[in-house]
Amino acid sequence: MATTDSPPTGGYQPSDQLRDCLAAWKKALEETEPKAREALEEGIAQELRDDRQLTLNVLAQHLPWTAEMLRLLMAGRDVPPRERHRQTEGEPVVYKLSERLRDLLADWNLAVSDEKKARASLEQCIADELKAHRVLTNAEIAEHLPWSQEQVRVIARAHDVPRRRKRGSDHKLIEENGVPKAVTVPYDWYVQQPGADPGIARR
């Protein structure tokens, strides 16, 4: 992988690969998964409309949500009240998911899995970008992402990205009456310099 110790000319711009990974993740997160979940929730509502004796407790045994969560999800979907099973109707039928609902559940699970894979690919792209540009800071790349620089730092650590080196602009000039008196430098930068005194502790 090609690397550079100089800031990208004209300011940092994400690579095409990073842009593609970001677009793929956003599509999975904002379009594919929500559509699949909406279809699943409507399928659940239809299941309850078709079988008025089907209780939320029974249905929840076949879904990744509790009965209380299903009650909240079904609000406003015109699901009729549940009816009790009467003894005169004989033994209650053991409920099984309809083929339609099984397919909708499978589609949603696939969408969730695809979103997780797309995010993993995006995080790998971010790590590759940081490794390719050694002076690129977490804050600079975060400006092009929907995350804070702290989240970028977490991603970088998870992918063994070398710590960012401080730039000269992080050095602070101390003046007295307009006359330069001293310069403060980042501790992490100082200890990497030849001849640095290891006895100087971080404050």
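Is W65 buried or exposed? In this predicted model, W65 has a relative accessible area of 12%, which is under the 20% limit, and the residue is therefore buried.

The protein chain contains seven helices and two strands. The chain has 203 residues, of which 29% count as buried. Its accessible surface amounts to about 13800 Å², and carbon and sulfur atoms account for 50% of that area. When contacts between residues at least 6 apart in sequence are considered, 68% of them join residues at least 24 apart.

Two aromatic pairs are present in the structure. One is formed by W25 and W147, whose ring centres lie 5.2 Å apart; the planes are at 50 degrees, so this pair is classed as tilted. W25 belongs to helix 1 (residues 16-50), whereas W147 sits in the loop between helix 5 (138-142) and helix 6 (149-158). The two residues are 122 residues apart, and the pair links distant parts of the chain. W25 is buried, at 6% relative accessibility, and W147 is buried as well, with a relative accessible area of 14%.

The other pair consists of W65 and W108, with a distance of 5.3 Å centre to centre and an angle of 45 degrees between the planes; this pair is also tilted. W65 is located in the loop between helix 2 (56-60) and helix 3 (67-73), and W108 in helix 4 (residues 99-132), so the pair ties together parts of the chain 43 residues apart in sequence. W108 has a relative accessibility of 10% and counts as buried.

W65 is also in contact with L73, a residue of helix 3. L73 is buried, at 14% relative accessibility. Apart from neighbours within four places in sequence, the contacts of L73 are R37, E41 and W65. The C-alpha atom of L73 is separated by 9.3 Å from that of I44, and these two residues are 29 residues apart along the chain.

An α-helix has 3.6 residues a turn, so residues three or four places apart point the same way. Just after helix 6, D160 adopts a positive phi of about 55 degrees.

The packing of two helices is described by the angle and the distance between their axes. For helix 4 and helix 6, the axes come within 9 Å and cross at roughly 85 degrees. This angle lies in the range of 65 to 115 degrees, so helix 4 is roughly perpendicular to helix 6. On the helix 4 side, the residues that meet helix 6 are R119, E123, I126 and L130.

Key. Residues are numbered from 1 along each chain as its sequence is written. This is a predicted model: local features need pLDDT of at least 70, side-chain atom pairs count only at pLDDT 80 or more; totals for chains, interfaces and linings use all residues. Side-chain values use heavy atoms; hydrogens and water are left out. Rings of Phe, Tyr and Trp (its six-membered ring) pair if their centres lie within 6.5 Å; planes under 30 degrees apart count as stacked, over 60 as edge-to-face and the rest as tilted. Helices (H or I, at least four residues) and strands (E, at least two) are DSSP runs, numbered from the N terminus. Buried means under 20% relative accessible area, exposed over 50%, partly exposed in between (1.4 Å probe, protein chains only). Contact means heavy atoms within 4.5 Å. Accessible areas come from the Shrake-Rupley method with a 1.4 Å probe; for residues, only the protein chains shown count as cover. Axes are lines fitted to C-alpha atoms, for helices over the stretch in contact, and angles run from 0 to 180 degrees between N-to-C directions. Angles under 35 degrees count as roughly parallel, over 145 as roughly antiparallel, 65 to 115 as roughly perpendicular and the rest as oblique.
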